[in-house]
Each structure stands twice: as C-alpha cells, then as structure tokens.
Amino acid sequence: MKRTIIDLFEESVSKYGTKEFLLEKHNGRFEPTSYNDTRSQAIKIGAGLAAMGIERGDRVSILAEGCNNWIISELGLLYAGAISVPLSIKLEESNDLLFRLRHADAELIFVSKHQLPKIRRIVDELPLLKHIVVWGNVEGELREGELTLESLKLLGEEYLKEHEA
C-alpha cells in the first residue's frame with residue numbers, strides 16, 4: 001500500500017508529538033510549533049476547506065513566501081483531499097499567474113498579504129476561483145470571496161463539531 005504525505009506526517013506526530021516541528025521568527029525571536037500543534041492547525045484548515053465545499057480532487061493553490069503558514073496550509077489541504085498547486089512568488093506578470101491558475105482549475109487560493117495585490121488584479125478573470133484565504137493582516141477591508149486564515153480555522157472548528165471523522 002502506498003503511503004501518503006499525510007501518512008508520513010501522522011507517523012511523525014505519533015513519534016514526536018510535543019517536540020518542535022516548525023520554527024518561525026516573531027518579534028526578534030524564534031518561536032516553536034510542535035508536531036501536535038501543527039497537526040491541530042492543519043486539521044482545522046482541512047475541515048474549514050471541507051466546510052467551504054472543497055472536495056477530494058479539487059485544486060487549491062498557494063501563492064506566498066515560505067513560512068509556517070505555507071506548511072500548515074499545505075498539510076490542511078492534503079487532509080481535505082485537495083490537490084496542491086503551488087505558485088512561485090517570482091511570477092510578477094498577471095498573465096503568468098492567470099495562465100497557471102486557469103490551467104490548474106484552482107477553486108481556492110491561499111495567499112500572503114504581500115501577494116494579495118497580484119490576485120486582486122486578476123480575480124475577475126478567474127471564474128472557478130471561489131475563495132481567497134489571506135495570511136496576515138491586510139490594510140483596509142477584505143473583499144468579497146476573501147477571508148483570513150484565522151476565519152478559516154474557526155470555520156473548521158465549527159465543522160469538526162459535527163464532522164470529526
């Protein structure tokens with residue numbers, strides 16, 4: 001039987017649960033996230049995606065700088081059964097992003113606040129893109145179809161109350 005990334009991650013969580021899995025610098029110092037905490041966040045994200053209608057085989061993209069949210073969101077979309085479509089932040093031209101997102105049939109995209117303007121410029125040309133999940137605080141109001149990563153996790157928590165399995 002083939003093992004998936006989630007299978008391997010679950011094995012690691014079982015072995016190393018309370019140990020540091022991720023480190024990220026905040027306010028001048030590195031803060032750890034354990035295997036257990038990473039799993040908990042990823043499952044909330046996966047459940048949030050399911051609550052939003054993302055199903056096994058749907059394509060979900062990520063356009064962001066490398067960070068813990070990237071890893072946790074990637075795991076979350078894999079828990080939801082989605083297919084990951086990572087994008088390089090070096091894609092500066094709207095037509096390059098547009099081509100890749102159209103070709104991938106992406107229904108949802110995770111995006112950092114720094115990359116959000118790129119997506120906002122082309123979102124009207126992406127009829128399959130239903131949701132934009134934003135990492136970080138955005139100046140001004142979020143637009144229609146946009147929500148924060150924290151909102152997605154809260155949606156996932158609610159979803160898990162009735163759909164834990």
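This is a predicted model: local features need pLDDT of at least 70, side-chain atom pairs count only at pLDDT 80 or more; totals for chains, interfaces and linings use all residues.
Leaving out residues up to four places away in sequence, Phe-110 touches Ile-45, Leu-49, Val-60, Ser-61, Ile-62, Leu-63, Ser-73, Leu-77, Val-133, Trp-135, Leu-149 and Leu-152.

Now widen the selection to the core around it. Which members of the largest nonpolar core touch the most other members? Pick out Leu-49, Leu-108, Phe-110 and Leu-152, from a core of 26 residues. To see where this core comes from, colour the elements that give two or more residues to it: helices H1 (5–16), H2 (35–51), H3 (68–79) and H6 (149–163), plus strands S3 (59–63), S5 (106–112) and S6 (131–135). Another core, of 16 residues, lies apart from that one; select Leu-91, Leu-101, Val-111 and Val-134, which are among its members. As background, nonpolar side chains in soluble globular proteins tend to be buried together.

Next stop: the helix pairs. Two packed helices are described by the angle between their axes and the distance between the axes. Hide everything but H2 and H3, which pack at about 55° with their axes 7 Å apart. With that angle, H2 is oblique to H3, and their crossing is right-handed. For the contact itself, select Thr-38, Arg-39, Gln-41, Ala-42, Ile-43, Ile-45, Gly-46 and Leu-49 on the H2 side, and Ile-72, Ser-73, Leu-75, Gly-76, Leu-77 and Tyr-79 on the H3 side. Coloured by residue class, the H2 and H3 contact gives you eight nonpolar, five polar and one charged.

From H2, take Gln-41, Ile-43, Lys-44, Ile-45, Ala-47, Gly-48, Leu-49, Ala-50 and Ala-51; they meet Leu-149, Leu-152, Lys-153, Leu-155, Gly-156, Glu-157, Tyr-159 and Leu-160 of H6. The residues of this H2 and H6 contact divide into 11 nonpolar, three polar and three charged.

Bring back the whole chain and go to Glu-107, in strand S5. Is Glu-107 buried or exposed? Its relative accessibility is 16%, so Glu-107 counts as buried. Setting aside residues up to four places away in sequence, you'll find Glu-107 touching Ile-54, Asp-58, Arg-59, Leu-128, Leu-129, Lys-130 and His-131.

Then try Ile-89, in the loop between strand S4 (83–87) and helix H4 (94–104). At a relative accessible area of 30%, Ile-89 is partly exposed. Beyond its neighbours within four places in sequence, Ile-89 is in contact with Leu-63, Ala-64, Glu-65, Gln-115 and Lys-118. If you want a distance label, draw one from Ile-89 to Ile-132: 43 residues apart along the chain, with C-alpha atoms separated by 16 Å.

For another label, jump to Leu-8 in helix H1, which counts as partly exposed at 39% relative accessibility. Leu-8 and Leu-101 are 93 residues apart in sequence, and 29 Å apart in space, C-alpha to C-alpha.

Finish with a backbone check. Most residues other than glycine have a negative phi. Asn-27 has a positive phi, near 50°; look for Asn-27 in the loop between strand S1 (20–26) and strand S2 (29–34), where it counts as exposed at 81% relative accessibility. Asp-105 also has a positive phi, near 55°. Asp-105 is in the loop between H4 and S5, and counts as partly exposed at 39% relative accessibility.

Note on methods:
Residues are numbered from 1 along each chain as its sequence is written. Side-chain values use heavy atoms; hydrogens and water are left out. A nonpolar core is a set of buried Ala, Val, Leu, Ile, Met, Phe, Trp, Tyr and Cys residues joined through side-chain atoms within 4.5 Å. Buried means under 20% relative accessible area, exposed over 50%, partly exposed in between (1.4 Å probe, protein chains only). Helices (H or I, at least four residues) and strands (E, at least two) are DSSP runs, numbered from the N terminus. Contact means heavy atoms within 4.5 Å. Axes are lines fitted to C-alpha atoms, for helices over the stretch in contact, and angles run from 0 to 180 degrees between N-to-C directions. Angles under 35 degrees count as roughly parallel, over 145 as roughly antiparallel, 65 to 115 as roughly perpendicular and the rest as oblique. A crossing is left-handed if the near helix is turned anticlockwise from the far one by less than a right angle, and right-handed if clockwise. Ala, Val, Leu, Ile, Met, Phe, Trp, Tyr, Cys and Pro count as nonpolar, Asp, Glu, Lys and Arg as charged, and the others, Gly among them, as polar.
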